Amino acid sequence: MKSNFVFFADRPSCTYKKCDSTFVILTFLLWGLGIITLYFSSAGYGERAFNNSFHFVQRQLISSLIGFFGLLFFSWTSMNKVRKLLPFIVFGALILCLMTFLPVVGLERNGARRWIKLPYFSTFQPSEAAKFAIVLFLANLFDKNEELPKEERTVLPAFLGLMFFTIVIFAQQDFSTGLFVFIIGLILFFITGAKLSWFIPCAGLGLPSVALMILLKPYRVNRLIGFFAQDAYQQSLNYQLNNAKKAISAGGFWGQGIGSGLTKINNIPEIQSDYIFAGWTEAMGFMGVIIYLVLLGMFAYRALKISMSCGNRFAAIVSFGFASVITLQSLLNIGVVGGVLPSTGVPLPFFSSGGSSMIFTLSMCGFIINASRIEQIDDYEIVMENKIYE
């Protein structure tokens, strides 16, 4: 007997397709390679500092468990329910960002207040939640804006929301993440058809503001000096970068192998964080770099294809935004490790040690998986017109 069964109260289940299995496989593959890389890159430091070579891997696995709950939640929750949860997600991320300024809860390191203290000597970085929330926030406004008559459409609320999040992150002294969030926002403005006239004031006001913020902080100026004069400051400003380059060179074409004793990476401070790609390169060599870039390219291609073929405008915009966040952040991190971009402090998704990044990266992937199940709206209309039910 045929029935008009509705899955998650969104629309008839006959109008859904199976999720993109290739994207799912790529997500798990990148995560698995990240865990392996984190182990052989951080084992020496973990043994010296914590008397436990698995210290960072254990913490990453706990964060991954939470992240996989987020992946499952966002891969199975209907888009209508996600939009109903949107105020809680946005205001929750904003409150978490503001909590970093509280004297008891917030944690300050090197003059920056980017973290919240958690039990058992752990921390949480709210700016990762902000990346997640701002994409959902902008996509929701853009989708609603499209439903209005042309004369009533405006992107001002979206722009003000983006600026507010950016300023809050800047106030935490997290310049790189704030600028990254702003750029992601502008990308979403562009792909949703915002007039180019909006970008002219952004450039006119944004570029001098960025220059001023760099000049007001000596350590940011030193990063630029170190970037443009890398050979002159190998043992001072570029100590970490210089050792990362040595590890990359030691990898050669085929790499030193995971179990061969990677000596170069032991000289890189905090190798488990922003410079973990140097550990992957020393172990896997130039071929490892090619393999990673191919996997990242396939990941980006499948995610963008899902976005382009999704029949739900909100889900399509969010998928494009999340794909941009993960892909651009990965390329940015690789550029920093390779010395072709100034140091930013942006982690490598799936690889860098950091619970906040892992949780929201996997949650983003869950949303993209959900979007991959929504077919083109034309297919849905055809089904409804012919009254074909399962």
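This is a predicted model: local features need pLDDT of at least 70, side-chain atom pairs count only at pLDDT 80 or more; totals for chains, interfaces and linings use all residues.
## Salt bridges, and what counts as one

A salt bridge here is a side-chain nitrogen of Lys or Arg sitting within 4 Å of a carboxyl oxygen of Asp or Glu. With that in hand, one group stands out for a first look: Arg83, Asp143, Glu146 and Arg313 are linked in a network of salt bridges. Searching the whole structure turns up 5 salt bridges.

## The overall picture

The chain has 13 helices and 5 strands. Of its 390 residues, 50% are buried. Take the contacts in the chain with a separation of 6 or more: residues 24 or more positions apart account for 71% of them.

## Inside the charged network

Side chains of opposite charge can pair when their charged atoms come close. How far apart are the closest N and O atoms of Asp143 and Arg83? They are 2.6 Å apart, and the two residues form a salt bridge. Asp143 belongs to helix α4 (residues 126-146) and Arg83 to helix α3 (residues 79-99), so this pair ties together parts that are 60 residues apart in sequence. Asp143 has 7% relative accessibility, which is why it counts as buried. Arg83, at 23%, counts as partly exposed.

Asp143 also has a salt bridge with Arg313, where the closest N and O atoms are 3.9 Å apart. This pair links distant parts of the chain, with Arg313 in helix α11 and Asp143 in helix α4, 170 residues apart. Arg313 counts as partly exposed because its relative accessibility is 31%.

Glu128 and Lys131 form another salt bridge, with 3.2 Å between the closest N and O atoms. These two are 3 residues apart in helix α4, so about one helical turn separates them. Are Glu128 and Lys131 buried or exposed? Both are buried.

Leaving aside residues up to four places away in sequence, Ser357 touches Glu128, Gln329 and Pro347. With a relative accessibility of 7%, Ser357 counts as buried, because the cut-off is under 20%.

## Helix α11 and its ends

Helix α11 covers residues 313-337, 25 residues in total. From its first C-alpha to its last it reaches 36 Å, close to the 36 Å expected at 1.5 Å a residue. Why is α11 described as largely enclosed by the rest of the structure? Because 21 of its 25 residues are buried.

Both ends have a detail to check on your screen. At the start of α11, a side-chain oxygen of Asn312 comes to within 3.0 Å of the backbone nitrogen of Phe314. Just after α11, Gly339 has a positive phi of about 80°.

Most residues other than glycine have a negative phi. Which way does Phe350 go? Its phi is positive, near 75°. Phe350 is in the loop between α11 and α12, and at 4% relative accessibility it counts as buried.

Gln173 is another residue other than glycine with a positive phi, near 65°. Look for Gln173 in the loop between α5 (156-171) and α6 (175-191).

Which residues make the nonpolar surface patch? They are Phe253, Trp254, Phe286, Ile290, Val294 and Met298, and the patch comes to about 620 Å². Phe286 is part of helix α10 (residues 276-309). At 43% relative accessibility, Phe286 counts as partly exposed.

Methods:
Residues are numbered from 1 along each chain as its sequence is written. Side-chain values use heavy atoms; hydrogens and water are left out. Helices (H or I, at least four residues) and strands (E, at least two) are DSSP runs, numbered from the N terminus. The expected span of a helix is 1.5 Å times one less than its number of residues. Buried means under 20% relative accessible area, exposed over 50%, partly exposed in between (1.4 Å probe, protein chains only). A polar contact is a pair of N or O atoms within 3.5 Å; within protein, one must be able to donate a hydrogen and the other to accept it, and residues adjacent in sequence count only if both atoms are side-chain atoms. Contact means heavy atoms within 4.5 Å. Patches are made of residues with over 30% relative accessible area and no salt bridge: like charges are joined within 9 Å, nonpolar side chains (Val, Leu, Ile, Met, Phe, Trp, Tyr) within 5 Å. Accessible areas come from the Shrake-Rupley method with a 1.4 Å probe; for residues, only the protein chains shown count as cover.
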